[in-house]
Amino acid sequence: MSGLPVLQSDRLTLRQVRMSDAEALFDILSDDELMTWWAFGPHRSVEETRAMLASVAGDDASWRSWAITRTGEDVALGWVNAHQRRANVSEIGYILARPAWGQGIAREAVGLVLDQLFVAEGQRRVFADTDPDNRFSIGLLQKMGFQLEGHLRAEWETHIGVRDTLLFGLLRDEWLAVRQADRAAAPSA
């Protein structure tokens, strides 16, 4: 079994991505519009998804991959990935099924992983890169306190051509301030 910690909130459980997630993740990875901003194009078969999962679902994978599920349901709605690039610095990535959009799930799931990286592990910096035209990802990163740190021209060769990328970074103290502000703004029970 994986050493990847299970991350949980009242409504979400993030657990290791596994091969049995292939069908649910294929629905996401085969969505032409959703896959526009990814380095690779939409999957055309569940076997293609299984092959990709074989490289990310094991304990020896370079990216730690958490499946996003609703607590009490074990169906992958997407994932949040983290890869340690150097000591105390990780890169993150994420994807969420279209029916789960607009419910705060992506923010909550990414927040759980940021808590793991910054609070539990004591990392100092997390960064993400995203296509300059991916307004949803940019909006999520900005809402979570990430700062635009760079614009790399012609960085990626993708299925839609050569693309620029924007680099966003977040420091531990910045994340802790965002968490504190979110808690202060939350309605009390």
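**Loops, strands and salt bridges in a predicted model**

Q: Where in the chain is asparagine 88?
A: Asparagine 88 sits in the loop between strand S4 (78–86) and strand S5 (89–96), and please keep in mind that this is a predicted model.

Q: What is the phi of asparagine 88?
A: Asparagine 88 has a positive phi of about 65 degrees, although it is not a glycine. As background, most residues other than glycine have a negative phi.

Q: Which strand holds alanine 154, and what is its phi?
A: Alanine 154 is placed in strand S7 (residues 147–158), and its phi is near 50 degrees, again a positive value in a residue other than glycine.

Q: Let's step back to the overall fold. How many helices and strands does the protein chain have?
A: The protein chain has five helices and eight strands, and from the N terminus on these elements run β-β-α-α-β-β-β-α-β-α-β-β-α.

Q: How many salt bridges does that give, counting a Lys or Arg side-chain nitrogen within 4 Å of an Asp or Glu carboxyl oxygen?
A: By that rule the count comes to 16 salt bridges. One of them pairs the side chains of glutamate 121 and arginine 64, at 2.7 Å from N to O.

Q: Why would the pair of glutamate 121 and arginine 64 tie parts of the chain together?
A: Glutamate 121 lies in the loop between helix H3 (105–120) and strand S6 (125–130), whereas arginine 64 is in strand S3 (residues 64–70), so the pair ties together parts that are 57 residues apart in sequence. Glutamate 121 counts as partly exposed at 26% relative accessibility, and arginine 64 counts as partly exposed at 24%.

Q: What does arginine 85 meet in a salt bridge?
A: The side chain of arginine 85 meets that of glutamate 91, at 2.4 Å from N to O. Arginine 85 is partly exposed, with a relative accessible area of 40%, but glutamate 91 is buried, at 9%.

Q: And which partner does aspartate 133 have?
A: Aspartate 133 forms a salt bridge with arginine 163, the closest N and O atoms being 2.8 Å apart. This pair links distant parts of the chain, with aspartate 133 in the loop between S6 and helix H4 (135–143) and arginine 163 in strand S8 (residues 161–171), 30 residues apart. Aspartate 133 is partly exposed, with a relative accessible area of 47%.

Q: Which residues are joined into a network by salt bridges that share partners?
A: Arg15, Arg18, Asp21 and Asp74 are joined into one network in that way.

How values were computed:
Residues numbered from 1 in each chain as written. Predicted model: local features only at pLDDT ≥ 70, side-chain atom pairs only at ≥ 80, totals over all residues. Heavy atoms only, no water. Helix = DSSP H or I, 4+ residues; strand = E, 2+ residues; numbered from the N terminus. Buried < 20%, exposed > 50% of the residue type's maximum accessible area, 1.4 Å probe, protein only.
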